[in-house]
Amino acid sequence: MKFLAPAALWFSLALPAVVVFYLLKRKRVTRVVASTLLWQRFLAETQASAPLQRLRHNWLLVLQLLLLSLLVLALARPYFSGTEATGKLMVVVIDASASMQATDETPSRFERARKDALGLVDGLNSGKGGQMVVLVAGANAEVRQSATSEKAALRRAIEGAKVTDSPTRLVEALRVAETLIRDKPEAEIHLFSDGAIPELSEFETKELRMVFHRVGKGARNAGIVAFDVKPNPEDPAKRALFLSIANVHDQPFEARVELSFEGQLVDTKAMHLDATNTTPIVFLASQARDGVFTAKLVVDDDLAADNQASVVSLLPQPVHVQLVTKGNRFLEKALAAAGPNVETTVVAEPAPDAKPDLVVLDDIEPATWPKGNVLSFRAAPTNWFEGAVGTIESPPIVNWRNTHPLLRFVAFDSVQIAQARAVKLPPWGLSLVDAPQSPLIVAGEVGRQRIVWVAFNPLESTWPLRISFPIFVANAVEWLNPASAKSEQFLVKPGDPFRFPLAASVATANVTGPDGQTRALALNPLATEFVFADTARQGVYRVQLGTNRLAFAANLLDAIETNIRPRDSLDLGRFAQVKATTEKKANLESWRWFALGALGVMLGEWWWFHRRTA
Amino acid sequence: MAGILTPQLLRRLEQFQLLAARRAKSSSKGERRSRARGQSVEFADHRNYVVGDDLRYLDWNLFGRLDRLFLKLYEEERELPVRIFIDCSESMMFGTPPKFDFARQVAAAVGYVALCGFDRVAVCPFPEARPVDFDDPARFNLQTAVRGALRSVRGRKSAMQYFQNLTALRGGGPADFNASLKRGAMEARQTGLAIVLGDFLDPGGYEPGLNALIGRGFEVNVVQILAPEELNPTAFGDLRLVDSETGALQEVTFGKFRLAAYRQSVANYVQRLREFCQSRGMGFFSVGSDTPLEDLLLKQLRASEIWA
């Protein structure tokens, strides 16, 4: 313990003064008694006569000395931990993501982080020009307090911070913090987080001077990490709901999953969640109208935010597919097998008045390119690719991206291609299948048009003979179906904006959040899109746009947030690392505690006095 | 003598007789059995006739049978000297009622019982009367006279005078308890019953004085009289206490929360005195000056067989 104002210790000279007052004769009432013998006996039996021992038995004096010494100590402004005031500028970054709601710290990780940050404020040496910035990394990085040395403002900023349901978005906050400390050799970033941070490789070479204050103790958590709704392939009348439930604890959990549709309980399943495992679960539910399925995981764990997820499920609509082909039985069969709702029309040339949901171009370059989503084999308009389109002979398939939804359950293990087009990967697209020279399948979005382009004619390859071909076509129909794209847009991450294209101009919108509060928003009548950004809380938001009612769900569904195991270090890319600090580098002023103690002693003395005189 | 003892109490006391465990050693005639041989109706022994013996006491029956001259001896009945030590120091003047008043009442009662039994009563007030303790020389002279008269009282007819003298007795000044008792023991020509009335709050202790009485052969009974204020103090706060006899100062901070501790230490003091007395065969009584007199005289003293 050290003192910021050691000069105040001179006040301790008052301590002997108190003793002297006690040694001085007190004003006493003189009284003549028959004999003082009995009194002498009494005093001899109850107390020793030496003055020091007499003082020791005088509780009032002890209390007063205690009171005075506590006050003197408080005046001397003691603080703990001996490092010099670190950094002229401290950038405090508080993680406000969903995992910070975990209650393994009391009352929660976020409160603990807030308390630690307030301790850092106490230690701020504002007298020597120390300054602090408070950033809160919730759904988005928020500068709660710009650089100041005023502790009250800093405390207010920290106390006003709120935890959100969003995944960790530390990158933005650290980016801001990095610019603040750049070129300031004494500046430092203080990150208060549990370390559930996805990717910080951006800062690998930045030499971030960061102190990682880790919060969190345990990993007692299970949560929903994936939730999806699909038409049931076996029974078109029903919907299949796929859930993944992760248990990051090293003990198994017994849990129950409750599925409800529009608030009505539909199904419930008891589950055994193995330790550190992800368990899939499928519900089958019939659905009569568009609505919201909500899955609730009933389990006793430390983080409640990830125990619930909702998904907006729209009734399946028939998909109108226009196949423009000179004749391709493989493709026709594959499209027919793509799904019960797929209605395929085979034409030689796309009709301009027909408005299919998607167009499949089988090596035909139409006179007018369709406006909707396109699955194109070999055919490509000139504006898709930059540079010349070449040809490569028998390109080997070296890599494919099987994590993409288009390639789900699709493998290219024994596919040979006679000839393919060679293009440069366009900026709008993502290469799903690669040959060494050129991408072979490109998926992406041009404007509002989704495109899947295959660089070769399947008939010039062995692909149609493989089981992967019809699966790919089915995946492509699903991915290109505007309705599925639509249902995806009703799912957002907490903190992400919800966007909805407006067909007609709407003046006002009413949004009812998960907390039940309705907010009326005025819209620009010229806007073609409704954007709602205040989605920090997870749950179901219901929007009324004019006469149009719709709902969207903000879901955490984030395996990284669900894994609340506190990390000992933060990896900045592959080579840099920030270790968690446990020792506090701040000077924690503790005079408040001494002053509080002094107050307690004073109250105790008051009580003692009243007991004496009662 | 208006009411040092009530007439009802006096009548009760007339029926009592002081009990002495030992035979009287007095030289004066009385009504108690003694080791001395003399004239009475109680036969004691025979002895050989020597020339000059009174022929009236010859046992003629024995002379007829044995043809030898024997003299019949009878037990002489003697008086029991009762010595009453009264502490008249300044400290006895305290208390409501004053401890000294209570002591005088006890002395009157004991003396009356003794006088009714044809025993000699000697009252020894201590300390000695000093001129400085009395503002008026006439009153000092009166005290000297009173004390002289109390030195030896005998006979029931002297009871009224005895009571008057006791009533006139005044005290004051510091007392040396031990020295007074020692001198009283030495002065006594015959030993007998000794009653010590006082508060036993002498800074010099009480052991040597009581030991002197025992050593002289007295049968000692101790009556400790404490004032109610001493048993349950009523003064609280920061006090400077002045000793009435020695003038010694004692500072004390006292509150109700220490009352129990004070009572305990008083009880300890009394207990120590009691144990001292009992270990030496003395009778011990500790009373407050507000104790009903009958309670002490008719119950406690009787129960411990001082009189019956």
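**Reading helices, strands and a chain contact**

Modeller: Start with helix α3(B). Of its 18 residues, 16 are buried, so the rest of the structure largely encloses this helix. Keep in mind that this is a predicted model.

Biologist: What span should the 18 residues of helix α3 (residues 99-116) of chain B have, and what do the end C-alpha atoms show?

Modeller: The 18 residues of α3(B) should then span 26 Å, and the end C-alpha atoms are 26 Å apart, so the two agree. Next comes the residue to check after the helix. Phe118(B) follows α3(B) and has a positive phi, near 55 degrees.

Biologist: Now strands. How do strands of a sheet pair?

Modeller: They pair through backbone hydrogen bonds, and the sense is either parallel or antiparallel. Take the open sheet in chain A. Its 3 strands come in the order β9-β10-β13, with antiparallel pairing.

Biologist: Which are the edge strands?

Modeller: Look for strands that pair on one side only. Here they are β9 (222-231) and β13 (277-286) of chain A. On average, neighbouring strands of the sheet are turned by 20 degrees against each other, direction ignored.

Biologist: How many bridges join β10 to β13 in chain A?

Modeller: There are 10 between strand β10 (residues 238-247) of chain A and β13(A), and the two run antiparallel.

Biologist: Now the two chains. How many residues of chain A are in contact with chain B?

Modeller: Count both sides. On chain A there are 21 residues, in contact with 28 residues of chain B. Two elements of chain A give two or more residues to its side: β2 (29-33) and α2 (37-46). The most come from α2(A), with 9 residues. By class, the chain A side has 9 nonpolar, 5 polar and 7 charged residues.

Biologist: In which sense do β2(A) and β7 of chain B pair?

Modeller: Parallel. β2(A) and strand β7 (residues 237-243) of chain B share 5 bridges.

Terms used
Residues are numbered from 1 along each chain as its sequence is written. Chains are lettered from A and ligands numbered from 1 in the order in which they are written. This is a predicted model: local features need pLDDT of at least 70, side-chain atom pairs count only at pLDDT 80 or more; totals for chains, interfaces and linings use all residues. Two residues are in contact if their C-beta atoms, placed from the backbone, lie within 7 Å. Helices (H or I, at least four residues) and strands (E, at least two) are DSSP runs, numbered from the N terminus. Ala, Val, Leu, Ile, Met, Phe, Trp, Tyr, Cys and Pro count as nonpolar, Asp, Glu, Lys and Arg as charged, and the others, Gly among them, as polar. Two strands pair if DSSP finds at least two bridges between them. The expected span of a helix is 1.5 Å times one less than its number of residues. A residue is buried if 20 or more other C-beta atoms lie within 10 Å of its own, exposed if 12 or fewer, and partly exposed in between; C-beta atoms are placed from the backbone. Axes are lines fitted to C-alpha atoms, for helices over the stretch in contact, and angles run from 0 to 180 degrees between N-to-C directions.
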